[in-house]
Amino acid sequence: MARAGAPHYTIEGLGEGIHAAIARREGQSICNSGLVDLGEAGLVFDTGLTPESARYLRFAAERELGRPPSLVANSHWHFDHSLGNQMFSGVPIWGTRGTREVLLEKREELSAELTREALSKVVRQLEGRRGELRSEGAREDLEFILHIHRSLLSAAGRLRLTPPDHTFVDRLPLPGNRGAQLLSFGSGHTAADALLFLPHERVLFAGDLVVLGVQPSMESGDPDHWLVVLDEIERLAPERVVPGHGPVTTLDGLAEVRGYLAGVLRAAVGRRGAPLPAALRRWEGSVSLEENLRFARGWVAGRASRP
Ligand SMILES: [Zn+2]
């Protein structure tokens, strides 16, 4: 049953002590999160984007789980999933070793994107593009991205990159009697994505390995191996899948993402690529289909030179 988590999330119960926090467009989070009672600890999976939405998430976790969160995990390093970490001070934050490494390596570059000056510039650029867009969908999308950047701008000066301070490589059993585990099948959406699997209830929190209704960003990972990762996820046989963006789904949602990735990769080979299904073309997001196609052309061309 869904409960209002205004204004940032709708909290959706997926079983006793298992909740999906589904991001609302009116809010500042962008990505979905998971709130899970592990028995011995309260877990928050992905922490959203802004201090305000993360503060709310911490409050929602305590309300839904009946205790303050004592474990945090990140699916990957993208800001919309990890920038909220800063509001969970004192709580151990888990992520893959690769996620921590990227955040440390790119700390300077990423922090530069969060200054008042940089964010003001992006807001001005987005405002300047308002008149250029012809489709209603593209205009709505621009307004959403503008809203997110204004939210970040309003928090400028308080935004702190906070990498996971505890890491794992491919599997981390979590405390408690749920059998919950963090898993990583390697590179996909990013170089080392993590997912949260609850085997008894067959619930999977997939991070951005599964994204529905918005264009999945392909440029941070390995789109060929992403398809292999989707096979691994399918082998887990989850009954419900919480995507990084979009509504709670089933294995059908996985098939949509697979169709999208395979379609873009095929379309990037010469001119004979099969056209993408129209429904996937209409997906909006911070990344456009054209950007993914451009990246995929370079990726496909570079295949021969990669090990
Ligand atoms: Zn992402």
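1. Two residues are taken to be in contact if their C-beta atoms, placed from the backbone, lie within 7 Å. On that basis, and in what is a predicted model, Gly 42 is in contact with Asp 37, Ala 61, Leu 65, Arg 67, Pro 68, Pro 69 and Ser 70, once its neighbours within four places in sequence are left aside.

2. Gly 42 belongs to strand β5, which covers residues 42-45. The residue counts as buried because 23 other C-beta atoms lie within 10 Å, and the cut-off for that class is 20 or more. From Gly 42 to Leu 276, which is 234 residues away along the chain, the separation between C-alpha atoms is 41 Å.

3. As to the overall division of the chain, the domain assignment gives domain 1 as 2-107 + 159-305 and domain 2 as 115-154. The centres of the two domains, taken over C-alpha atoms, are separated by 24 Å. Where the domains touch, 10 residues of domain 1 are in contact with seven residues of domain 2, and the domain 1 side of this contact consists of three nonpolar, four polar and three charged residues.

4. Helix α8 runs over residues 251-267, and its 17 residues reach 24 Å from the first C-alpha to the last, which is close to the 24 Å expected at 1.5 Å a residue. Its buried residues are Gly 253, Leu 254, Glu 256, Val 257, Tyr 260, Leu 261, Gly 263, Val 264, Leu 265 and Ala 267. The elements against which the buried residues of α8 pack are α7 (223-235), β13 (240-242), α9 (278-281) and α10 (289-301).

5. Which residues make the contact between α8 and α10? The axes of the two helices come within 8 Å and cross at roughly 65°, and the crossing is right-handed. On the α8 side the contact is made by Val 264, Leu 265 and Ala 267, and on the α10 side by Asn 292, Leu 293, Ala 296 and Val 300. Sorted by class, this contact has six nonpolar residues, one polar residue and no charged residues.

Technical notes: Residues numbered from 1 in each chain as written. Predicted model: local features only at pLDDT ≥ 70, side-chain atom pairs only at ≥ 80, totals over all residues. Helix = DSSP H or I, 4+ residues; strand = E, 2+ residues; numbered from the N terminus. Expected span 1.5 Å × (residues − 1). Buried ≥ 20, exposed ≤ 12 C-beta atoms within 10 Å, placed from the backbone. Domains from an automatic or database assignment. Nonpolar A, V, L, I, M, F, W, Y, C, P; charged D, E, K, R; others polar. Axes fitted to C-alpha atoms, helices over the stretch in contact; angles between N-to-C directions. Left-handed = near helix turned anticlockwise from the far one by under 90°.
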